[in-house]
Amino acid sequence: MDNNVFLISVISMGGIGAFFGIVLAYASKKFAIKVDPRIEQINEALPGANCGACGYPGCSGFAEAIVEGEAPVDGCPVGGREVAEKIAGIMGVEASATQERSVARLYCQGDCEVAVDRALYDGVQDCRAAQAVNGGPKACKYGCLGFGTCAEVCPFDAITMDENHLPHVDIEKCTGCGKCVQACPRNLFELVGVSKEVHVGCKSQERGKDVMKVCKAGCIGCRKCVKACPFDAMKFKNNLAKIDYEKCTSCMVCVEVCPTNATYSDFDKRKKAVITDECIGCTLCKKVCPVEAITGEVKVKHQVDPEKCIGCSLCFEKCPKDAIKMIREE
Amino acid sequence: MKLFLIFMGAVVVNNFVLSRFLGICPFLGVSKKIETAFSMGIAVTFVMTLSAMASWLIQNYILIPFGLERFLQIVSFILVIASLVQFVEMVIQKTSPALYQALGIYLPLITTNCAILGLALLIALKEYSLIESLAFGFGAGAGFTLAITMMAGIREELQFGDVPKPLEGAAIALIIAGLMSMAFMGFSGLIAM
């Protein structure tokens with residue numbers, strides 16, 4: 001009897017289980033919904049931070065939008081080029097070649113040492129709150145308030161506040177998500193291509209004299225940079241120099257002439273052209289050089305004067321034999 | 001008449017949530033918004049009706065004839081209900097994406113809820129017929145929907161209320177559940193079962 005009950009139990013339970021197992025296995029085949037496998041692949045290629053910088057609800061929403069053709073393959077500002085190329089590979093299209101990684105840059109150098117305060121602010125330690133109280137404590141109406149709201153909103157810890165209350169963007173960590181651009185009440189952040197080395201660190205539209213009163217590092221509107229730029233990349237509007245990044249080659253000539261260092265760059269990153277033995281002496285580079293740093297005769301290997309070379313890379317682009325290399329000076 | 005009595009009994013008198021205290025977790029977890037609470041209720045009603053039928057068939061055609069109802073009831077009910085709901089979910093997903101979207105994630109979530117198992121065991125205990133079981137299952141689901149939608153309505157209103165600090169969140173939800181349960185006690189004696 002006992003044996004019998006045991007057997008019946010096993011058989012009936014096993015039977016029910018097997019029956020439903022088979023039915024479910026059959027149903028999963030029969031009623032399978034075709035989900036585009038590319039959605040899953042793209043989702044894996046994306047960074048997975050779900051930051052929403054692309055404008056879609058999370059990475060999976062973005063992946064669906066790409067497959068439906070709504071979003072561009074390079075629409076993820078965080079993943080940048082690398083991810084865009086992966087997605088383009090999955091979708092079978094070319095990623096637009098000009099797209100480079102954008103990073104946030106701060107357009108103010110007025111820390112608490114060089115820029116004066118006009119009042120004592122004792123309220124909520126937040127730039128947006130300070131801005132609401134009669135424009136905040138800074139004497140400059142355009143400058144950084146220095147309460148670090150940008151550093152707080154940065155989801156990637158790329159912004160740190162220095163001891164003089166000025167934010168610094170770590171361009172290695174910055175993904176160009178644009179959170180700080182939105183958060184800054186004075187619109188001091190802009191997203192710029194990572195290869196751009198020269199920046200005008202001032203947004204003040206006051207006249208030079210008024211700028212000098214409130215800040216030692218502001219643009220005073222002397223236009224020296226505009227005259228010095230060999231590429232017509234420096235624009236001047238509303239008492240303020242502004243770089244046209246389409247034209248700028250990061251040659252840093254403007255930085256050399258700026259009297260207040262409002263236009264700044266890192267000279268260590270300046271590149272120099274070096275001509276290799278591939279040179280056939282066509283003189284094209286000599287003609288294109290804006291500072292006459294290249295010398296040489298026809299059909300003889302040309303030479304670059306490193307003292308004169310500003311690293312604009314015009315010759316590098318012009319050379320038909322790829323005989324010119326841009327090398328960063330040590 | 002008896003069917004109606006069973007139905008009403010399951011909806012108000014012996015409400016699954018407020019009198020039998022089954023299915024408390026979705027009742028507290030999914031009752032923050034009326035909309036989601038209602039979809040949850042609909043999904044529960046659907047699964048309950050379905051599992052009432054399934055468990056009745058299992059009970060009367062497999063368990064009782066083989067004399068297994070005493071010790072294989074729970075495990076076989078769970079097995080059958082879970083697979084059946086999974087199957088129905090697949091069918092719905094294929095045939096009616098709109099309905100699938102509406103029931104959403106709730107459908108697979110509630111298959112192993114205690115209210116569902118409680119229903120199956122109660123049907124076996126009360127020895128209902130198939131039609132009576134269906135009425136009981138549907139009534140239980142309707143009662144759950146009623147309770148959770150009311151709860152969600154109260155909790156939505158409560159957002160604007162002045163709740164004492166220590167009672168905010170889950171604490172006040174439990175107090176409300178208790179008060180609602182007490183209110184539903186008033187229905188006892190409405191139907192003599």
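## Getting oriented

Helices and strands here are DSSP runs, helices being H or I with at least four residues and strands E with at least two, numbered from the N terminus. The structure is a predicted model, where local features need pLDDT of at least 70 and side-chain atom pairs count only at pLDDT 80 or more, while totals for chains, interfaces and linings use all residues. Residues are numbered from 1 along each chain as its sequence is written, chains are lettered from A and ligands numbered from 1 in the order in which they are written, and side-chain values use heavy atoms, with hydrogens and water left out.

Chain A has 12 helices and 12 strands. Of its 330 residues, 43% are buried, meaning under 20% relative accessible area, as against over 50% for exposed and in between for partly exposed (1.4 Å probe, protein chains only).

## Leu46(A) and its surroundings

Leu46(A) sits in the loop between α2 (37–45) and α3 (58–67) of chain A. Its relative accessible area is 6%, so Leu46(A) counts as buried. What does Leu46(A) touch, leaving aside its neighbours within four places in sequence? With contact meaning heavy atoms within 4.5 Å, the list is Cys59(A), Phe62(A), Ala63(A), Cys76(A), Val83(A) and Ile87(A).

Ala84(A) is 38 residues away from Leu46(A) along the chain, yet their C-alpha atoms are 8.8 Å apart.

## The two sides of α2(A)

Ile39(A), Ile42(A) and Ala45(A) are buried in α2(A). Looking down the helix axis, the buried residues of α2(A) fall within an arc of 125°, so they line one face; the arc is taken from the directions from the helix axis to the C-beta atoms. An α-helix has 3.6 residues a turn, so residues three or four places apart point the same way.

The buried residues of α2(A) pack against α3 and α4 (80–91) of chain A. Pro37(A) and Glu44(A), on the other side of α2(A), are exposed.

## Where chain A meets chain B

Here 16 residues of chain A are in contact with 18 residues of chain B. The area buried between the two chains is about 1500 Å², with 89% of it from carbon and sulfur atoms; that is the accessible area (1.4 Å probe) the two parts lose on being put together, summed over both. Met13(A), Phe20(A) and Phe31(A) supply 36% of the area chain A buries against chain B, more than any other three residues.

On the side of chain A that touches chain B, the residues divide into 11 nonpolar, 4 polar and 1 charged.

Conventions: Ala, Val, Leu, Ile, Met, Phe, Trp, Tyr, Cys and Pro count as nonpolar, Asp, Glu, Lys and Arg as charged, and the others, Gly among them, as polar.
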